[in-house]
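Colleague: I would like to learn how to read a structure like this one, beginning with the ligand and going on to the domains. Could you take me through it step by step?

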Amino acid sequence: MTQTVSRPARARSPLPLDVEAIRADFPILTRTVRDGKRLVYLDSGATSQKPRQVLDAERWFYENVNAAPHRGAHQLAEEATAAYEAARATIGAFIGAPEREIVFTRNSTEAINLVAYALSNAVTAKEPELRTYAVGQGDEIVVTEMEHHANLLPWQQLCERTGATLRWLGLTDDGRLDLSDLAEVVNERTKLVAVTQQSNILGTINPLGEITARAREVGALVHVDGAQSVPHQPIDVGELDADFLVFSGHKMLGPTGVGVLWGRYEVLDKLPPFLTGGSMIEVVRMEGSTFAAPPQRFEAGVPMTAQVIGLAAAVEYLQGLGMGKVEEHEKALTGYALERLAEIPGVTVIGPPDTVARGGAISFTVDGIHPHDVGQVLDDLGIAVRVGHHCAWPVVRRYGVPATTRATFYVHTGYDDIDALADGIRAAQKFFGTSEVR
Ligand code: PLP
């Protein structure tokens with residue numbers, strides 16, 4: 001398939017980040033795909049590519065230090081512990097949190113499950129203090145219709161285990177949370193409100209302040225899914241007024257296999273563990289055991305040490321660019337992409353139509369062409385996007401589409417990538433003979 005020629009470049013303001021310099025840090029962006037085509041990677045929302053600095057940090061750990069942290073008294077074990085804990089401090093500082101509030105998990109999904117299981121484990125905890133947040137019959141958990149399955153199923157399952165009731169906030173036609181019944185849905189029975197800060201499918205950035213204020217009024221915990229926000233905007237947990245925030249290393253230039261649960265210390269301290277085993281204990285006897293203080297209470301087993309060190313390198317890389325600039329960069333790209341897609345007859349964006357309270361996840365449909373076919377034509381042109389329901393099935397159902405094609409941006413994305421996307425969509429329309437469809 002040949003690519004159609006893009007129309008002459010319009011006047012565009014310079015992007016806040018130096019895209020060419022950043023691309024040079026990402027070895028994978030030098031490879032070609034599908035018979036020598038430049039890789040146009042527009043799937044950072046699924047997983048991000050990694051700069052050399054992150055790859056080097058992991059290699060450094062394995063080549064120089066490799067040992068299990070918090071175990072053993074030999075020099076390597078001491079150095080591994082120091083590197084692991086230094087990384088915890090770096091990652092905590094990135095979101096304005098002290099080390100003791102940072103728990104490492106495998107990914108956001110595991111971090112959310114950790115909290116959900118802690119709340120049901122609380123029902124049978126031996127120590128009365130660890131039963132503080134126990135969830136049971138008559139209690140309610142509130143989510144939204146916008147959640148990724150990772151921030152929906154653990155709460156559904158928690159309700160099934162405990163007899164609590166799941167309630168949710170709906171969506172408006174333009175892809176925003178419908179807060180008209182917030183005061184009714186979040187009420188005196190609500191134990192926890194779980195909400196995404198930025199939708200992975202619609203791009204919507206949610207008004208967390210309004211939701212946390214209501215949750216505070218009724219004494220509910222607030223759990224924020226930051227998988228799509230922490231990588232893309234400055235976050236300070238001091239300003240968030242939540243109790244939990246989760247995010248994944250692999251979506252923010254870091255390695256796979258590491259995620260983060262931030263929890264307010266007073267709350268973490270009153271939660272029983274999710275997983276039990278080595279290193280999360282205080283005293284172990286055959287008759288029963290007691291648990292270490294957070295964060296160790298929630299880190300059973302030898303941790304993903306190299307990945308944590310790689311994630312700290314990713315955080316330093318992002319800090320070097322400046323998270324404010326990362327956010328502005330993506331906003332400029334999002335505005336440009338929305339304009340370019342609006343020019344193509346037959347393309348409909350599912351989600352907010354402008355850049356107000358909106359991040360750079362752009363989902364769209366193309367009249368007369370199934371999203372999987374759009375994705376295939378784009379792939380032939382070297383353009384990687386995601387197609388499907390994006391693990392947010394209730395959202396596609398709400399908007400009456402079977403699936404969407406989704407483009408997501410990051411620090412190495414430039415206007416040329418978006419031009420390639422727009423040209424690729426036109427090529428798909430030409431290929432399927434739907435150019436005239438409106
Ligand atoms: N939450 C949101 C909003 C996401 O976009 C994702 C992944 O795409 C997740 C949670 C789950 O992340 P992970 O698969 O890294 O656990």
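Colleague: Which residues come nearest to the ligand?

Modeller: A residue counts as near a molecule if one of its heavy atoms lies within 4 Å of it. Of the 13 residues around the ligand here, Thr109, Asp225, Ser248, His250 and Lys251 come nearest. Please keep in mind that this is a predicted model, in which local features need pLDDT of at least 70 and side-chain atom pairs count only at pLDDT 80 or more, while totals for chains, interfaces and linings use all residues. Residues are numbered from 1 along each chain as its sequence is written, and side-chain values use heavy atoms, with hydrogens and water left out.

Colleague: What lies 2.5 Å from an oxygen atom of the ligand?

Modeller: That is a polar side-chain atom of Thr109, and an N or O atom in the side chain of Ser248 is 2.6 Å from a ligand oxygen. Ser108 takes part through its backbone, where an N or O atom lies 3.3 Å from an oxygen atom of the ligand.

Colleague: How does the domain assignment divide the protein?

Modeller: Domain bounds come from an automatic or database domain assignment, and here it gives domain 1 as 19-50 + 322-432 and domain 2 as 65-319. Their C-alpha centres lie 29 Å apart.

Colleague: How many residues of domain 1 are in contact with domain 2?

Modeller: Contact means heavy atoms within 4.5 Å, and by that rule 40 residues of domain 1 touch 36 residues of domain 2. The two domains bury about 3,000 Å² between them, 53% of it on carbon and sulfur atoms, where buried area is the accessible area (1.4 Å probe) that two parts lose on being put together, summed over both. Met323, Arg398 and Tyr410 supply 20% of the area that domain 1 buries against domain 2, more than any other three residues.

Colleague: Where should I look for a salt bridge across this interface?

Modeller: Side chains of opposite charge can pair when their charged atoms come close. The rule asks for a side-chain nitrogen of Lys or Arg within 4 Å of a carboxyl oxygen of Asp or Glu, and it finds one salt bridge across the interface of domain 1 and domain 2. Asp173 forms a salt bridge with Arg398, their closest N and O atoms being 2.9 Å apart. A search of the whole structure finds 25 salt bridges, and Arg23 forms one with Glu20, with the closest N and O atoms 3.4 Å apart.

Technical notes:
Polar contact = N/O pair within 3.5 Å; in protein donor to acceptor, adjacent residues only side chain to side chain.
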